[in-house]
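Here is a note for a colleague who is opening this entry for the first time. Please keep the sequence and the structure in view while reading.

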Amino acid sequence: QVQLVESGGGLVQPGGSLRLSCVASGSFISINTMGWYRQAPGKERELVASITGGGSTNYSDSVKGRFTISRDNAKNSVYLQMNNLKPEDTAVHYCYADYVTYSDFHLPSWGQGTQVTVSS
């Protein structure tokens, strides 16, 4: 099983920046895709950005050009640099990982979420 712990959320003014971090721990052979999702009040959870083990990235249209996802495979960590934040980015942000168990199962894991609030 894999545990994901996020950090880096908080309150920031419009136009500001935040950097989210997520570290994975537990028993697994490898981690494939890692990513960030977010859920605003009254809305469904949506993909923000994802990154494969090889470094290929995918972004939602709403964050392209403002957010950058990266990972450190040696540290089992994924990061989300968020620049030029807008009030509509306000949401709970969740880390996600697709990992491989010692029994060769591919399973998902979610973090507990970290709040990002963009407000003046």
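Predicted model: local features only at pLDDT ≥ 70, side-chain atom pairs only at ≥ 80, totals over all residues.

The numbered points below go from the whole chain to its sheets, its core and a few single residues.

1. Content and order. The chain has zero helices and eleven strands. Read along the sequence, the pattern is β-β-β-β-β-β-β-β-β-β-β. The radius of gyration is 14 Å, close to the 14 Å that the globule rule gives for 120 residues, so the chain is as compact as a globular protein of that length.

2. Overall extent and surface. Along its principal axes, the C-alpha trace spans about 50 × 25 × 20 Å. The accessible surface comes to about 6300 Å², and carbon and sulfur atoms make up 48% of that surface. Of the 120 residues, 42% count as buried. Among contacts with a separation of 6 or more, 55% are between residues 24 or more positions apart.

3. The open sheet. In what order do the four strands of the open sheet stand? The order is S1-S3-S8-S7, and the pairing is antiparallel. S1 (2-7) and S7 (67-72) are at the edges; each has a single partner strand, so one side of each is left without a neighbour in the sheet. From one strand to the next, the twist averages 15°.

4. The pair S1 and S3. Within this sheet, S1 pairs with S3 (residues 18-26) in the antiparallel sense, over six bridges.

5. The strands around S4. S4 (30-39) is joined to S9 (91-100) by eight bridges, and the two run antiparallel. In this pairing, Gly35 has Tyr96 of S9 as its bridge partner. S4 also pairs with S5 (46-51), again in the antiparallel sense, over five bridges. Here Tyr37 stands opposite Leu47 in S5.

6. The hairpin. S4 and S5 form a hairpin, with six residues between the two strands. In the turn, Gly42 has a positive phi of about 80°.

7. The core. The largest nonpolar core holds 27 residues. Which of its residues touch the most other members? They are Trp36, Ile69, Val78, Leu80 and Met82. The elements that give two or more residues to this core are S1, S3, S4, S5, S7, S8, S9 and S11 (114-118). S3 gives the most, with four residues.

8. Leu80 as an example from the core. Leaving aside its neighbours within four places in sequence, Leu80 is in contact with Leu18, Arg19 and Leu20, with Trp36, with Val48 and Ala49, and with Phe67, Thr68 and Ile69. Two of these contacts, Trp36 and Ile69, are listed with Leu80 among the core residues that touch the most other members.

9. Is Val100 buried or exposed? Val100, in strand S9, has a relative accessible area of 7%; the cut-off for buried is under 20%, so Val100 counts as buried. Neighbours within four places aside, Val100 is in contact with Phe28, Ile29, Ser30, Asn32, Phe105 and His106. Arg45 is 55 residues from Val100 along the chain, and the C-alpha atoms of the two are separated by 24 Å. Thr101 is found in the loop between S9 and S10 (106-110). Thr101 is also buried, at 13% relative accessibility. Not counting residues up to four places away in sequence, Thr101 touches Ile29 and Leu107.

10. Two asparagines with positive phi. Asn76 has a phi near 50°, a positive value in a residue other than glycine. Asn76 lies in the loop between S7 and S8 (77-82), and at 25% relative accessibility it counts as partly exposed. Asn84 also has a positive phi, of about 50°, although it is not a glycine. The place of Asn84 is in the loop between S8 and S9, and at 43% relative accessibility Asn84 counts as partly exposed.

Definitions and conventions. Residues numbered from 1 in each chain as written. Heavy atoms only, no water. Pairing = 2+ DSSP bridges. Axes fitted to C-alpha atoms, helices over the stretch in contact; angles between N-to-C directions. Buried < 20%, exposed > 50% of the residue type's maximum accessible area, 1.4 Å probe, protein only. Rg over C-alpha atoms; globule rule 2.2 N^0.38 Å. Contact = heavy atoms within 4.5 Å. Areas by Shrake-Rupley, 256 points an atom, 1.4 Å probe, with all protein chains shown as cover. Core = buried A, V, L, I, M, F, W, Y, C linked by side-chain atoms within 4.5 Å.
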